Amino acid sequence: MRAYPDPATFTLLPWRPRQNAVARMFCDIRQPRGQTFPGDPRQVLRRNLDRAAEMGFTYNVGAELEFFYLKNASAPELLDHDGYFDQLSSYPASDLRRETVLNLAEMGIPVKYSHHEGAPSQHEIDLEYTDALTMADNLMTAKLVIKELAQLQNVYATFMPKPVSRINGSGLHLHQSLFAGEANRFYDADDEQYLSTLGKQFIAGLIAHAPEITLVTNQWVNSYKRLIPGYEAPVYVSWTHVNRSDLIRVPSYERGEEASIRIEYRSPDPACNPYLAFSATRPAGSLSLISHCLGRGMAWPTSLFSAAWPSRSPSSLLSPLAQHGLAPLH
């Protein structure tokens, strides 16, 4: 196998010396004779995005990246004991998060929000939405920046889904939309909730394939220690317009912000492979149902949001594990 650099992803690491500088650049994996390696996660995502492009869509993703700062790597000793949205700027963790945001911005990765999360020593950095391949690259870069800047301060940053029991775990909430050119195809001015039929179809696809998607977006044993009741992580295959504990949430629409209509998928965790995660959520949400409905001239039921979905049990996200004789450890 050979690594072929993608020059479009070249950028300097701002915290490293300018003389004899260090840069980040992503590579595509190819076979010795130059053929694309089908197992390269970036190529897997590219193939999926090409299929969406053939249908006239650009798949955009925004990401809420949650993580913990710990005092060291050997024991889960918390760096702070603050709570949701605490703003104590003098704390080491707040300074670290601020430095991370500034360095990401200098690397061309825009951050929409950053704040302290609900659990002690848990933090969140929200990356501005962009096309899915760029977002996957941005997530990989953000995790590197978070870890390296923490290490420089003798702090350990972890993306483990559930590093500490009896407090919230870390998620990677994905905000998804399909655009056609500059138009957000999830927006419908005539719908009561401003969500188009296409958006409703996308939700139905995610619901239909949620258990299988979970195998990709939650790939570690520790992932299933997070997906338990009582800690704000989804355990039901369900959707909502407001509640923040469901699997799928449609955030509130801000008048005049048509581009903001999106679908939030809340089960993934930050330890997943984003290229593969997007390769699972995008076709599950779009192709299987959109192709089926549009190819046959079918209208989606107007009562979708009052439908009683059959798979709403707490174990429904875990059913593929049970089918293979596996069970998560809680």
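Author: Ground rule for naming: helices (H or I, at least four residues) and strands (E, at least two) are DSSP runs, numbered from the N terminus. This is a predicted model, where local features need pLDDT of at least 70, side-chain atom pairs count only at pLDDT 80 or more, and totals for chains, interfaces and linings use all residues. Residues are numbered from 1 along each chain as its sequence is written, and side-chain values use heavy atoms, with hydrogens and water left out.

Reader: Fine. How many helices and strands in the protein chain?

Author: The protein chain has 8 helices and 13 strands.

Reader: And how much of it counts as buried?

Author: Of its 330 residues, 51% are buried. Buried means under 20% relative accessible area, exposed means over 50%, and partly exposed is in between, with a 1.4 Å probe and protein chains only.

Reader: Now contacts. What share of those between residues at least 6 apart join residues at least 24 apart?

Author: In the protein chain, 70%. A contact means heavy atoms within 4.5 Å.

Reader: Salt bridges next. How many by your rule?

Author: The count is 11. The rule asks for a side-chain nitrogen of Lys or Arg within 4 Å of a carboxyl oxygen of Asp or Glu.

Reader: Start with D28. Which side chain does it meet?

Author: D28 pairs with R42, at 2.8 Å from N to O. D28 is in strand β4 (residues 27-30) and R42 is in helix α1 (residues 41-54), so this bridge ties together parts 14 residues apart in sequence.

Reader: Is D28 buried or exposed?

Author: D28 is buried, because its relative accessibility is 8%. R42 is buried too, at 3%.

Reader: What else does R42 bridge to?

Author: R42 also meets D137, at 2.7 Å from N to O. That pair links distant parts of the chain, with R42 in helix α1 and D137 in helix α3 (residues 132-152), 95 residues apart. D137 is buried at 6% relative accessible area.

Reader: And E99? Which partner there?

Author: E99 bridges to R98 at 3.6 Å. E99 is partly exposed at 37%, and R98 is exposed at 51%.

Reader: Which residues do shared partners join into one network?

Author: D6, D28, R42, R46 and D137.

Reader: Back to α3. How far does it reach?

Author: Its 21 residues span 30 Å from the first C-alpha to the last. That is close to the 30 Å expected at 1.5 Å a residue, where the expected span is 1.5 Å times one less than the number of residues.

Reader: What follows α3?

Author: N154, with a positive phi near 60°.

Reader: Where does N20 sit?

Author: N20 is in the loop between β2 (11-12) and β3. Its phi is positive, about 55°, although N20 is not a glycine. N20 is exposed at 70%.

Reader: Y194, then. What is its phi?

Author: Positive, about 65°, and Y194 is not a glycine either. Y194 lies in the loop between β10 (183-184) and α4 (197-217).

Reader: Switching to Y129. Which strand?

Author: Y129 is in β7 (residues 122-131), and is partly exposed at 38%.

Reader: What does Y129 contact, leaving aside neighbours within four places in sequence?

Author: N60, V61, G62, M135, F179 and A259. Y129 and L174 are 45 residues apart in sequence and 9.5 Å apart in space, C-alpha to C-alpha.

Reader: Which residues form the nonpolar surface patch?

Author: F10, L12 and M25, with about 260 Å² of accessible area together. Patch residues have over 30% relative accessible area and no salt bridge; like charges are joined within 9 Å, nonpolar side chains (Val, Leu, Ile, Met, Phe, Trp, Tyr) within 5 Å. M25 is in the loop between β3 (23-24) and β4, partly exposed at 35%.

Reader: Last one. How many disulfides in the whole structure?

Author: The search finds 0. The test is a pair of cysteine sulfur atoms within 2.5 Å. As for cysteines, C27 is partly exposed at 28%, while C272 is buried at 3%.

Terms used
Accessible areas come from the Shrake-Rupley method with a 1.4 Å probe; for residues, only the protein chains shown count as cover.
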